[in-house]
Amino acid sequence: MKNIIFTIVTALVLFSCKEEQQQKTSLKDSSGKINSLSVIIENQMWSGEVGDSIRSKFAAPVDGLPQQEPLFNISQYAPKLFEGFMTNSRTILIVTKTEQANFEIKNNVYAQPQTVVYVSGNTISEIINKLEEHSKEIISTLKAGEILENQRRIAISLLDDSKIKKKFNISLKIPTAYRYIIEEDKFFWIRKELTSGNNSILIYEVPITTIEKDPNFVSSIISLRDSVGQKHIQGTLANTHMVTEDSYAPYFSKITLKGKETFETKGTWELKNDFMAGPFINYAIKDEANQRYLVVEGFCYNPSTSKRDLMHELEAIIKSITFLN
């Protein structure tokens, strides 16, 4: 009797797993440009306070860019239109009026990969309160998902990073559109040419004391990147080199990247004694095993054109880093 019961239970578990797997594999591929967000909400709410609240949070300016660009490009649809290809969107925010206030994040509901955020309330005030309460979590989740999606796209065709592995004992997933510009013992410059500019990645390392000698870490990092710019990133004119623009204080935060203490710095650079400028994102990663700070920086030159998605690509590349020991 026990054997029969065990067999039945096992069969049910296997059937359930198989059914779940079939459901996953039957999902459509999601679609949408990087940093796009579909908002499903009644037109009346979108035109009022709820819409204002959504726009103020999800279309807020991206930190560290020289011109204002939104976190997400938002497309709004009324619930009755939310069907067919619209359900393929990779990132979706659904806002509705219900009897009880609710907040939930689900993955791969209609397609994959996909993030669907549900926010609801009985009144306009309840809905706005839910948005206020969870906006940081929602934005963090959506941004993480967009980094993963960008990394997935990048991985389709990768630059050979064996030189990086040999010199720095790390691996990076970099698209084949990039090329090695400078290869020195402790410094690499890798660049992608654009129609109106370029995207660049710098990799270098310094002893831990170089950054930690001054308790003002941001000052040490800016001083370091300026010295690297003076030595390696020079313009075509005499006495021109890359420096950190000092008109605005950079955005500085302490994060964990691949389990390592990391300083993230975002700001703008300029070419001293020239007119070139653009945004940068700098990661100083404390690698205690090798008694160094590994610095991986991305910067962009793309005058008079959007830079958000170019910087997002650089961030996705840098966050693909793997330490090989």
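**Figure 1. Helices H4 and H8 are roughly perpendicular to each other in this predicted model.** The angle between H4 (residues 124-154) and H8 (residues 308-318) is about 80°, and their axes lie 9 Å apart. Because angles of 65 to 115 degrees count as roughly perpendicular, this pair of helices is described in that way. On the H4 side, the contact is formed by Glu146, Ile147, Asn150, Gln151 and Ile154, which meet His312, Glu313, Glu315, Ala316 and Ile317 of H8. Four of the residues in this contact of H4 with H8 are nonpolar, three are polar and three are charged.

**Figure 2. Helix H3 and its buried residues.** H3 spans residues 49-58, and its buried residues are Val50, Gly51, Ser53, Ile54, Lys57 and Phe58. Viewed down the axis of H3, these residues fall within an arc of 160°, so they line one face of the helix. In general, an α-helix has 3.6 residues a turn, so residues three or four places apart point the same way. The elements that cover the buried residues of H3 include strands E2 (36-40), E3 (73-77) and E4 (91-97), together with helices H2 (43-46) and H4.

**Figure 3. The antiparallel strands E13 and E14.** Strand E13 (residues 251-257) is joined to strand E14 (residues 260-271) by seven bridges.

Conventions: Residues numbered from 1 in each chain as written. Predicted model: local features only at pLDDT ≥ 70, side-chain atom pairs only at ≥ 80, totals over all residues. Heavy atoms only, no water. Axes fitted to C-alpha atoms, helices over the stretch in contact; angles between N-to-C directions. Helix = DSSP H or I, 4+ residues; strand = E, 2+ residues; numbered from the N terminus. Parallel < 35°, antiparallel > 145°, perpendicular 65-115°, else oblique. Contact = heavy atoms within 4.5 Å. Nonpolar A, V, L, I, M, F, W, Y, C, P; charged D, E, K, R; others polar. Pairing = 2+ DSSP bridges. Buried < 20%, exposed > 50% of the residue type's maximum accessible area, 1.4 Å probe, protein only. Arc of directions from axis to C-beta.
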